[in-house]
Amino acid sequence: MIDRTHIEQILKLNGVAPTAADEEIRSVLISARWNKEDVETAITVLRENINTHKSRVDTLHDVFLTDKKLSPEAIHSLLGIDVQVDSNELETLRISRRNLYHWQVLSIFVIAILVAITLVLGMMYMTGFGFFHPSK
């Protein structure tokens, strides 16, 4: 367990107040060769209320792990790119790509069957077997 007084002493020795920004505290603790996990724990301990032992969050850690699509307005605000996309066009494009995939799979099977039949008939002709038997 990381002790709050220990963290405060390290910060005091480096001239940083315990109420300083998280980035300052993080840089001091990393320069003191603390692990990243311990630094995050120390920041959480510093942000914890002494009386109620409830922690508060001063920083925002946004992690985007989603498969949701961005709206054109969000793309414009993030990247400054004007995007004009109609949802009907997107749905038509998805359907056409899905159909193209099915046609590609079907054509691969048809070509494989044609190659196999050609090879079997070629071997039958070369060996004089079946339809190509000399007695016929």
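Me: In this predicted model, which exposed residues sit on the face of α2 turned away from its buried side?
Reply: Start with the buried set of α2, which is Asp22, Ile25, Arg26, Val28 and Leu29. They span an arc of only 165° around the axis, so they end up on the same side of the helix. The face turned away from that buried side carries two exposed residues, Glu23 and Ser31.

Me: How wide an arc do the buried residues of α1 cover?
Reply: The buried residues here are Ile7, Ile10 and Leu11. An α-helix has 3.6 residues a turn, so residues three or four places apart point the same way. That fits what we get in α1, where these residues lie on the same side because their arc around the axis is only 95°.

Me: What's exposed on the other side of α1?
Reply: The buried residues of α1 pack against α2 and α3, so look away from Ile7, Ile10 and Leu11, which share one side of the helix. Over on the other side, the exposed residues are Gln9, Lys12 and Leu13.

Me: Is α1 roughly parallel or roughly perpendicular to α3?
Reply: Two packed helices are described by the angle between their axes and the distance between the axes. For α1 (residues 4–13) and α3 (residues 36–46), the axes are 10 Å apart and the angle is about 100°. With 65 to 115 degrees as the range for that label, α1 against α3 counts as roughly perpendicular.

Me: How many charged residues are there in the contact of α1 with α3?
Reply: From α1 come Arg4, Ile7, Glu8 and Leu11, and they meet Ala42, Val45 and Leu46 in α3. Sorted by type, that contact has five nonpolar residues and no polar ones, and the number of charged residues is two.

Me: What is the phi of Arg33, roughly?
Reply: Arg33 lies in the loop between α2 and α3. Arg33 is also exposed, since its relative accessible area is 77%, against the cut-off of over 50%. Its phi is positive even though the residue isn't glycine, with a value near 65°.

Me: How far apart in space are Thr41 and Ile2, C-alpha to C-alpha?
Reply: Thr41 belongs to helix α3 and is partly exposed, at a relative accessible area of 37%. In sequence, Thr41 and Ile2 are 39 residues apart, while in space their C-alpha atoms are separated by 7.6 Å.

Me: Zooming out, what percentage of the residues of the protein count as buried?
Reply: The protein has five helices and zero strands, so along the sequence the pattern reads α-α-α-α-α. Buried here means under 20% relative accessible area. Out of 136 residues, the share that counts as buried is 15%.

Definitions and conventions: Residues numbered from 1 in each chain as written. Predicted model: local features only at pLDDT ≥ 70, side-chain atom pairs only at ≥ 80, totals over all residues. Heavy atoms only, no water. Axes fitted to C-alpha atoms, helices over the stretch in contact; angles between N-to-C directions. Helix = DSSP H or I, 4+ residues; strand = E, 2+ residues; numbered from the N terminus. Parallel < 35°, antiparallel > 145°, perpendicular 65-115°, else oblique. Contact = heavy atoms within 4.5 Å. Nonpolar A, V, L, I, M, F, W, Y, C, P; charged D, E, K, R; others polar. Buried < 20%, exposed > 50% of the residue type's maximum accessible area, 1.4 Å probe, protein only. Arc of directions from axis to C-beta.
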